[in-house]
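Please open the model in a viewer and keep the selection panel at hand. The stops below are arranged so that each selection leads to the next.

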Amino acid sequence: MASSISLWVFLYAFWFLLSGHTEPLLLGFGAVSCTLVVYIAHRMDVIDHEGHPSHLSLKILPYWAWLSWEIVKANIDVAKVILSPKLPISPVMFKTKANQTRELGQVIYANSITLTPGTVTVNLEDGILEVHALTIQGAKDVLNGEMDRRVCQVKGEMEGKY
């Protein structure tokens, strides 16, 4: 039930931001349409803890700040490599284990790697990520486990992993 309420709040806030209407009749229509959508989604059994992760709301904010800084640093590193006359790239494909136990945590980790310039998650299967890095240093940055550890913290999966 909490996931349904959270989904309704999200949909209504999104509807309001997109529409910008403040007339009571239109606000009511928006509320009714969001209620109908949540009811249909509930009847179809597509509302779940993983699909609408409201439980991450506050825990993920510090992670986003950290990830944003990592993206900025990686952008600078990739720009240095590209602008260097020697073009010192050393592409590498490697596999690494995601220590998250649930798919949502693994997907957050894989997407975070892909968002960071110079690295791309090519495949995620059974908790093993196949990653392409533009440089060996980029591969080392993924393999050092800092991002994996932080995603585990967000998901509350820290018991005995590190």
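The structure holds four aromatic pairs, where rings of Phe, Tyr and Trp (its six-membered ring) pair if their centres lie within 6.5 Å, planes under 30 degrees apart counting as stacked, over 60 as edge-to-face and the rest as tilted. Begin with Phe10 and Phe14, a stacked pair with 6.1 Å from centre to centre and 5° between the planes. The model is predicted: local features need pLDDT of at least 70 and side-chain atom pairs pLDDT 80 or more, while totals for chains, interfaces and linings use all residues. Residues are numbered from 1 along each chain as its sequence is written, and side-chain values use heavy atoms, with hydrogens and water left out.

Next, display the backbone around this pair. Phe10 and Phe14 both belong to helix H1 (residues 2-19), four residues apart, which is about one turn of the helix; helices (H or I, at least four residues) and strands (E, at least two) are DSSP runs numbered from the N terminus. Phe10 is partly exposed at 47% relative accessible area, and Phe14 is partly exposed at 45%. Here buried means under 20% relative accessible area, exposed over 50%, and partly exposed in between (1.4 Å probe, protein chains only).

Now move to Tyr63 and Trp66, a tilted aromatic pair with 5.8 Å from centre to centre and 35° between the planes. Both lie in helix H3 (residues 60-83), three residues apart, about one turn of the helix. Are Tyr63 and Trp66 buried or exposed? Tyr63 and Trp66 are both buried.

Return to the aromatic residues Trp8, Tyr12 and Trp15, which form one cluster. Tyr12 is also among the buried residues of H1, together with Ser3, Ser4, Ser6 and Leu7. H1 itself has 18 residues and reaches 25 Å from its first C-alpha to its last, close to the 26 Å expected at 1.5 Å a residue; the expected span is 1.5 Å times one less than the number of residues. Just after H1, Gly20 takes a positive phi of about 75°.

For the last stop, select Ile40, which is located in helix H2 (residues 24-43). Ile40 is partly exposed, with a relative accessible area of 40%.
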